[in-house]
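Here's a quick briefing to read alongside the structure. Have the viewer open and follow along.

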Amino acid sequence: MAEHIGIVGAGYVGLTSAACFARLGHRVTCVDTDESKVDELRRGVVSIAEPGLAELVAQGLGDGTLTFTTAQAELHGAGLVFLCLPTPPGEGGRPDLGVLERVVPQLGRLLRPGCVVVTKSTVPVGTAARLPGLLGRGDLPVAANPEFLREGHAVEDFLHPDRVVVGTDPPGSAAAVRVARLYEPAGAPVVTTDSASAELAKYASNAFLAVKLSYVNVLAELCELFGADVREVARTMGLDARIGPEFLAPGPGWGGSCLPKDTSALLHAAEAAGVDFGILRDAVRVNARQRARVVRAVRQAVTGSAASSLAGARIGLLGLAFKAGTGDLRDSPALAVAEDLARAGAELTAHDPAVARVPGTSAVQVVDDPYLVAKDAAALVVLTEWPEFRDLDWARLAASAARPIVVDTRNLLDPVALAAAGVTHIGVGTRRSLTPFE
Ligand code: UDX
């Protein structure tokens, strides 16, 4: 049954949800206070680089199922309203609910009786339970339906999710059934539960991924010291169905807009509840150490000592985004490494297929040609796993570098092909790896 859905907030989560719900045959009204953004969206201009999103927006605008507006009043007729508002980290990592607390009472004054109000962007446990009070209405059912979208796969993840979770109090209420029905075409397992469990499930999933990644990053360090290969260890572990093969690739550390924010929020919530979530705290600590490990490896490769200054050394960076497939620099480990290298005195030139500049710093010169990063470089550092880096002409890069050495923090490149091109390859968790032997 087609519904009239209201989406509050046309950011990453809101816009994806709006376009995808329209694609599923619903009538969607997406509200945002940013007039220029709404203007652009009405013309089909989508500033988020997400495969398939612009096409879905164009389709929805074209067939009239999707409208953008700054007028909240247009939500009056909606049967369900999804809150896709930002909850940035505030003091001590606790999510800042200022926007939500301002907007929800306004909604309370205009929504029609029976409209289901749903939290979609990540909110602290207990937020859905607070909604009736914030709305100032007892006649509006509320639900928690957190999203699990990955950047670069948002549309695919929305239309084909691994699971859908719908939390209401009591679980499985008429409102929960109505929310769950929206996702029926996806055919994914639906967990109907209470609102606190649904909200915690989102944090728990992201924090678990962070722990898994920090675990594998420490394993990589051990592999280097034991003469083992982390790729073989991870492959063996991943074949155990209880562990699974995903999220077992070591790297320069985990980052992005969600994992760091959600781990801090969960840590903060645990601390406030008097629970020592030590394993999660350690995952965060290990993540900072992983970045430092990369910097030590570069110092070692360039100077022969893991502690020496890099003053005057030209270093070429391949990749700046927090992962391949996105130009997102938020909490990017690549930028953290770049900052530390600059602090150690290095002169940095970087190329990333999706990044034209790094706002707020002059320490990194961004170039649009990957071959320019190698010019007179004392070392190259691969920081983001863009597949196209594999196919570069490595002999050409070697020829223009001062010293043909690559520190490959993603184990992206083929060491055999690089050796043939005359390049020394230093991977992570392999036999020629980051750990400096002095
Ligand atoms: C994540 C969650 O996956 C998603 O469900 C949630 O809704 C938002 O947060 P995203 O931030 O897009 O999605 O990034 P993701 O693909 O999960 O990668 C997170 C970080 O882990 C990146 O820095 C990535 O490079 C790193 N990573 C991932 C590894 O270092 N190794 C891996 O094997 C996988």
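Predicted model: local features only at pLDDT ≥ 70, side-chain atom pairs only at ≥ 80, totals over all residues.

**Helix 1 with helix 3**
- Helix 1 (residues 12-23) packs on helix 3 (residues 53-63) with the axes 9 Å apart and an angle of about 55 degrees.
- That angle is why helix 1 counts as oblique to helix 3, and their crossing is left-handed.
- On the helix 1 side, the contact uses L15, T16, A19, C20 and R23, while helix 3 brings in L53, L56, V57 and Q59.
- Sorted by class, this contact has six nonpolar residues, two polar ones and one charged one.

**Helix 11 with helix 12**
- Helix 11 (residues 278-303) and helix 12 (residues 333-343) cross at roughly 45 degrees, and their axes come within 9 Å.
- That makes helix 11 oblique to helix 12, and the crossing here is right-handed.
- From helix 11, R291, V294, V295 and V298 meet P333, A336, V337, D340 and L341 of helix 12.

**Around the ligand**
- There are 19 residues around the ligand, and L149, E151, A249, K323 and R410 come nearest.
- A polar backbone atom of E151 is 2.7 Å from a ligand oxygen atom.
- F148 also has a polar backbone atom 3.0 Å from an oxygen atom of the ligand.

Note on methods. Residues numbered from 1 in each chain as written. Heavy atoms only, no water. Axes fitted to C-alpha atoms, helices over the stretch in contact; angles between N-to-C directions. Helix = DSSP H or I, 4+ residues; strand = E, 2+ residues; numbered from the N terminus. Parallel < 35°, antiparallel > 145°, perpendicular 65-115°, else oblique. Left-handed = near helix turned anticlockwise from the far one by under 90°. Contact = heavy atoms within 4.5 Å. Nonpolar A, V, L, I, M, F, W, Y, C, P; charged D, E, K, R; others polar. Near = heavy atom within 4 Å. Polar contact = N/O pair within 3.5 Å; in protein donor to acceptor, adjacent residues only side chain to side chain.
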